[in-house]
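This report walks through a two-chain model. Please load the coordinates and keep them in view.

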Amino acid sequence: MSASVTADSHAAHAHHDDHGHGKPGIMHYLWNTDHKMIAMQFLVSAVFFLLIGGAMAVAMRWQLAFPGHSIPVFGHLLPSSIVNDEGAIMPSGYNVLVTMHGTILVFFVAMPLLIGVFGNFLIPLKIGAGDMAFPALNELSYWLFALSGVVMMASFWVPGGAPGTGWTAYAPLSSVAAYNQTPLGQTLWCTALFINGLSSLTGAVNYITTVITMRAPGMTMFRMPLPVWAIFLTAILLILAIPVLSAAAALIIFDLNLGTSFYRPSGAGQPLLWQHLFWFFGHPEVYILILPAMGLTSEILSVNSRKPVFGYKAMVWAMIAIGFLGFIVWGHHMYVSGMNLTLSAAFSVSTMVIAVPSAIKTFNWMGTLWRGSIHYTVPMAFAVAFVSMFVIGGLSGIFMASTPVDLFVHHTYFIVAHFHYVLFGGSMFAIFAAVYFWFPKMTGRMFNNTLGWIHFWMTFVFFNLTFFPMHNLGLGGMMRRIADPTVYDCLRQLQPLNVVCTIGAIGLGLATIPFVVNLLISLRKAPDAPANPWNSTTLEWTLSHPIQHGNFPVTPTVYHGPYEYSVPGLAKDFLPQNEKAPAHVTLEAH
Amino acid sequence: MKYLSFRRIVSRILWTGILLVPVLLASPAMAEQRSGNIYGLPPCVTTVGEQIDGLIKIIFWLCAVIFVLTQSTYVYYLIRYRRRPGVPAHYSHGNNTLEVIWTTAPTLVFLALAIYGNRIWENIHRPAPENSLVVDVSSYQFGWDMRYPGVSGKLAPIDIRKIGPENRFGTDPENPLTAQDVVSNELVIPVGRPVHLLLHARDVIHSFYVPEFRLYQDCVPGRTIGWVWFQATRTGEFQLACNQLCGTGHYNMKAPIRVVTEEEFQKWLVPRQQKNAGTAQPVAPAAPAASAAPKAATLTTPVTKTTL
C-alpha cells in the first residue's frame with residue numbers, strides 16, 4: 001500500500017504544484033495538505049505564541065523582583081485588565097499572567113513544536129512515506145489548533161478578562177462565577193482547550209495510522225529512528241489522555257453556564273473530581289512534552305558523536321515504560337490535596353519507579369557520547385545541554401516524589417524550578433536543537449552559525465541564572481503564584497534571589513532575538529544547504545531541496561537500523577538506511 | 001567627548017554589573033533577619049518538621065552525589081571524546097550487562113526511598129494524641145478564622161453543609177456549646193502540646209501552609225480535613241499563608257501565628273472562654289451569626305466526615 005500511495009500522490013501533486021509557474025499564492029501557505037507545509041504552519045504559529053508567552057513570563061518576573069513598580073517602557077502597552085494606570089501589574093493581572101503563561105507555553109508552544117512541527121515533518125520523511133495517512137485531516141488539525149489559539153486569546157477582550165485560575169484551573173474556583181469573577185474568560189479558556197484537544201486527537205490518529213501502515217519496505221518497527229518511536233508513543237498517550245481533559249473542561253463549562261454542580265460541593269459535587277480528571281490528563285501530558293524531546297535529542301547526539309545510539313532497544317523500551325507508568329502517577333500532584341493518605345503513599349511508589357526509565361535514558365545518552373567523535377555544532381550544543389539540564393530536573397523531582405518532603409515543598413518555587421528544568425531545560429532545549437538540526441532540510445538553507453552560537457550561550461547561561469535560584473527560593477518557603485512575596489515577613493529577605501531570577505529572565509527574553517533573527521535572515525537567502533549537511537543516515541537526508549509533495553520519487557527500501565555510524569571497514573563514517581552494507585562489513589545487532 | 005572603544009564599553013558594563021551585585025544582596029538588611037542564610041531552609045519549629053528535614057538531608061546528599069558523578073563524567077566525556085583528526089568513533093550498539101545494572105540499581109535506590117519516605121508519612125499522620133488542643137480553621141476568600149473550644153473543653157459540633165458566609169463554622173446556633181466557642185483571627189498555640197487542626201474552606205480550595213512548620217494541607221470545601229496535627233518545639237511569631245491560588249486576593253491571604261508558652265496560652269484563652277461562658281448564661285442567647293439565620297432543624301450528625 002505504502003508504495004502506491006507514494007507514487008500516486010507524487011505524480012498527482014507534482015502536476016498540481018506546477019500550475020502556478022512562479023511564486024505560490026497565499027493560499028499555498030494557508031491551505032496545503034503537504035505534511036511539510038503543515039509543519040511550517042505549526043512552526044510559525046508556535047514561535048509567535050512563544051514570544052507572547054515568554055513576554056508574559058518576563059512581566060511576571062518583573063513584578064516578583066520589584067513588586068508594585070511600573071514596568072519600564074512596556075508597562076503601558078499591556079491591557080488594563082493586567083496593569084494599573086501607572087503600568088504596574090495588579091494582583092488580579094498577575095493571576096491572569098500566571099494562567100496564560102502556563103496555558104500558552106504548554107498547549108500553544110511546546111505541544112505544537114514537538115508534535116505539530118516535528119511529528120508532521122519527520123514521520124513521513126523518516127519512514128519513507130509520501131505523506132500522512134490522512135493529509136486533509138492533518139491540515140484540519142492545524143486549523144483547529146489555530147482556531148483554539150484565537151479563542152484562547154479572545155478571552156483577554158471579553159468582559160471580566162482572561163481567567164486567573166492557573167493553568168490547572170482548580171475547581172470550584174474555576175467553576176463558580178462568584179469565586180473567579182471571570183466566567184466568560186474561563187468559558188473561553190475551556191472551549192479553547194476543547195478545540196485544542198480535537199486538534200491533538202486528529203493529529204494523533206494520523207501519526208499512529210501513518211507509522212503503522214505506511215512504513216517503507218524493510219522499515220520494521222525496530223528500525224525506526226527514535227524520534228519516530230517517541231512521537232508514535234506520544235500520539236498513543238494523546239489519544240488516551242486528551243479526551244479526559246476535554247470532558248473535564250466541558251463539565252466546567254456546564255457548571256459555569258448551565259447551573260450544574262459537578263465540582264461545587266453545595267450542589268453535592270466534588271472539588272477533587274476536577275483534580276483527578278485534570279491530572280489523569282496532566283501527568284501523561286508531562287511525558288507528552290518530554291518523550292518527543294528525548295527522541296529528537298537521542299538522534300542529534302548520535303549523529304554528532306558519529307556513534308550508534310547506545311542501547312537503541314533499551315531506549316525504546318524505556319519510552320514504552322514511561323508511557324505506561326505515566327498513567328499511574330497522577331496522584332503525586334495530589335499528595336496534600338485531601339486525597340486519601342494511603343493512596344498518596346501508593347502514588348509515591350509508582351512515582352519513584354517512573355524515575356527509573358528516565359535514568360536508563362540518561363545513562364544511554366552518556367553511553368552514546370562515550371568513545372565518540374563529538375562534533376560541536378549548534379544543534380549538538382543544545383542536545384548536550386538538554387541531557388545535563390534533564391539530569392538536574394530529574395534529581396529535583398525526587399524531592400517532590402517523596403511524600404513527607406512534599407509536605408514542605410509542595411506549591412513552592414522548588415516545583416517551579418523543577419518543571420522549568422524539565423520543560424525548558426528539557427523540551428525547549430531539544431526543540432531548539434531540532435529546529436537547528438532540521439532547518440536545512442525544512443528550508444534548504446543553512447542557518448547562521450554565529451547567531452546560533454550566540455543564541456545557545458545566552459539561552460544556556462540565562463536559563464540557569466533564571467531557574468537555579470528558584471530551588472533556593474522554594475526551599476526558603478516561597479509560595480508559587482503569589483503576586484507579591486514581600487507581604488510575607490519570612491520571604492522578604494529572599495528578595496535578592498528574586499532579583500537574580502528576574503535578571504536571568506530578561507536575558508532569556510533577549511536570547512530569543514538572535515534565534516528569531518537567525519530564522520528570518522536565513523530564510524531570505526537563496527537555498528544553499530547540501531542535501532545531507534550532517535552526514536546523517538536516516539531517509540529524509542537522501543532527498544534534496546526542494547522536496548516535492550509526495551517526498552520520495554522512488555519508494556526507498558530500508559536494509560538496517562537507523563544509526564549505523566563509524567562502521568569499521570567502510571570508507572565513509574555513516575551508512576544510510578537505504579544503502580546495503582557491503583559484503584565484507586558486518587553490522588552489530590542493536 | 002573622548003571616544004570609548006568597544007572593549008572599554010563592555011568592561012564598564014561588566015564592572016557596573018559586578019559592583020551592583022553587593023548592592024542587590026545588601027537590600028535585605030532593611031527587613032528582619034532570618035537565622036539561617038538565604039540559600040537554605042527556614043528555621044524548623046515542629047517535631048514533624050524535624051523528621052522532614054532529616055529526609056530532605058538524605059535526599060539532598062543522594063542527589064548531590066549522583067549530580068557530581070553524572071555531570072563530571074559527562075563533562076569529561078564531552079572533552080575527552082571531542083572530534084580529533086584521525087581518531088574515529090568506536091562502533092558499538094550498547095551493552096546489555098550495563099543496561100541491567102543501570103536499571104536495577106536506580107530501581108532499588110528509588111524503592112528504598114519510597115518505602116522510607118512512606119514510613120515517615122505514616123508516622124506523621126498517625127492519629128492525634130488524646131491531649132491535643134483541637135482548633136477549627138475556617139478559610140475563605142481571602143482570610144482565616146480560628147475556633148477554640150470554650151469552657152467545657154469541647155468544640156461545638158458542626159454540620160459541614162451549613163458552612164457559608166452566614167455561618168462561618170457551620171455550627172448549630174441552638175447548641176449551647178456554640179456560644180462558648182472562642183473565635184479568633186490569629187492562630188495562638190502552646191509550645192510542647194500537640195495541636196490538632198480541623199481544616200475547612202467556605203468557598204474555594206485554600207491551603208494551610210507554614211514553611212517553618214514544614215506543613216502544607218489543602219482545605220477543601222464541603223469536607224473536614226482532620227488528619228493534620230503537629231507539636232511546636234519553640235515559641236515565636238510566624239505567618240500562616242494560603243498556598244493554593246484562590247482568586248484576586250490570594251497573594252495576601254495570611255494570618256498571624258503565635259507559638260507561646262503553655263502559661264501564656266492559658267492567659268490568652270481562659271479570659272476569652274470565661275467571657276463567652278458569661279454571655280452564654282442568659283435564657284435567650286443570641287449568637288452573633290445566628291440572629292438572622294432561620295431556625296435550623298436539630299442536627300443529627302455532629303461532624304460530617306467525608307473521604308474520597
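## Conventions

This is a predicted model, in which local features need pLDDT of at least 70, side-chain atom pairs count only at pLDDT 80 or more, and totals for chains, interfaces and linings use all residues. Residues are numbered from 1 along each chain as its sequence is written, while chains are lettered from A and ligands numbered from 1 in the order in which they are written.

Helices (H or I, at least four residues) and strands (E, at least two) are DSSP runs, numbered from the N terminus. Two residues are in contact if their C-beta atoms, placed from the backbone, lie within 7 Å. A residue is buried if 20 or more other C-beta atoms lie within 10 Å of its own, exposed if 12 or fewer, and partly exposed in between; these C-beta atoms are also placed from the backbone.

## Chain B and the interface

Chain B holds 5 helices and 10 strands. Of its 308 residues, 34% are buried. Among contacts in chain B with a separation of 6 or more, 72% join residues 24 or more positions apart.

On the A side of the interface, 92 residues are in contact with 85 residues of chain B. Helix α11 (residues 341-369) of chain A supplies the largest share of that A side, 15 residues. By class, the A side has 54 nonpolar, 29 polar and 9 charged residues. Here Ala, Val, Leu, Ile, Met, Phe, Trp, Tyr, Cys and Pro count as nonpolar, Asp, Glu, Lys and Arg as charged, and the others, Gly among them, as polar.

A:Leu369 lies in α11 of chain A. A:Leu369 counts as buried because it has 25 C-beta neighbours inside 10 Å. Leaving aside neighbours within four places in sequence, A:Leu369 is in contact with A:Leu301, A:Ser305, A:Ile374, B:Tyr77, B:Leu78 and B:Tyr81. A:Leu369 and A:Ile431 are 62 residues apart in sequence and 20 Å apart in space, C-alpha to C-alpha.

## Helices of chain A

Which residue marks the bend in helix α14 of chain A? Helix α14 (residues 413-443) bends by about 40 degrees at A:Phe437, with a proline, A:Pro440, following within four residues. The bend is the angle between axes fitted to the seven residues ending at a residue and the seven starting there. In α14(A), 28 of the 31 residues are buried, so the helix is largely enclosed by the rest of the structure. A:Gly444 follows α14(A) and has a positive phi, near 80 degrees.

Helices α9 (residues 271-304) and α10 (residues 312-325) of chain A have axes that come within 11 Å and cross at roughly 175 degrees. Axes are lines fitted to C-alpha atoms, for helices over the stretch in contact, and angles run from 0 to 180 degrees between N-to-C directions. α9(A) and α10(A) are therefore roughly antiparallel, a label for angles over 145 degrees. A:Tyr287, A:Leu291, A:Met294 and A:Ser298 of α9(A) make the contact with A:Met315, A:Met319, A:Ile322 and A:Gly323 of α10(A). That contact has 6 nonpolar, 2 polar and no charged residues.

## Nonpolar cores

A nonpolar core is a set of buried Ala, Val, Leu, Ile, Met, Phe, Trp, Tyr and Cys residues joined through C-beta atoms within 7 Å. The largest has 262 residues; A:Met319, A:Phe382, A:Phe386, A:Val405 and A:Ala433 touch the most other members. Helix α4 (residues 91-127) of chain A gives the most to this core, 23 residues. A:Phe386 touches A:Thr297, A:Gly426, A:Phe429, A:Ala430 and A:Ala433, not counting residues up to four places away in sequence. A second, separate core of 5 residues includes B:Leu155, B:Ala156, B:Ile158 and B:Ile163.

Two cis peptide bonds and two positive phi values are tabulated here.

| Site | Feature | Value |
|---|---|---|
| A:His545 to A:Pro546 | cis peptide bond, omega | about -10 degrees |
| B:Gln141 to B:Phe142 | cis peptide bond, omega | near 0 degrees |
| A:Ala268 | positive phi, not glycine | near 70 degrees |
| B:Arg214 | positive phi, not glycine | about 55 degrees |

A:Pro546 lies in the segment after α17 (495-524) of chain A. B:Phe142 sits in the loop between β1 (133-140) and β2 (143-148) of chain B. A:Ala268 is in the loop between α8 (226-257) and α9 of chain A. B:Arg214 is in the loop between β6 (206-210) and β7 (215-219) of chain B. A:Ala268 is exposed, with 10 other C-beta atoms within 10 Å, whereas B:Arg214 counts as buried, with 28 C-beta neighbours inside 10 Å.

Note on methods:
Parallel < 35°, antiparallel > 145°, perpendicular 65-115°, else oblique.
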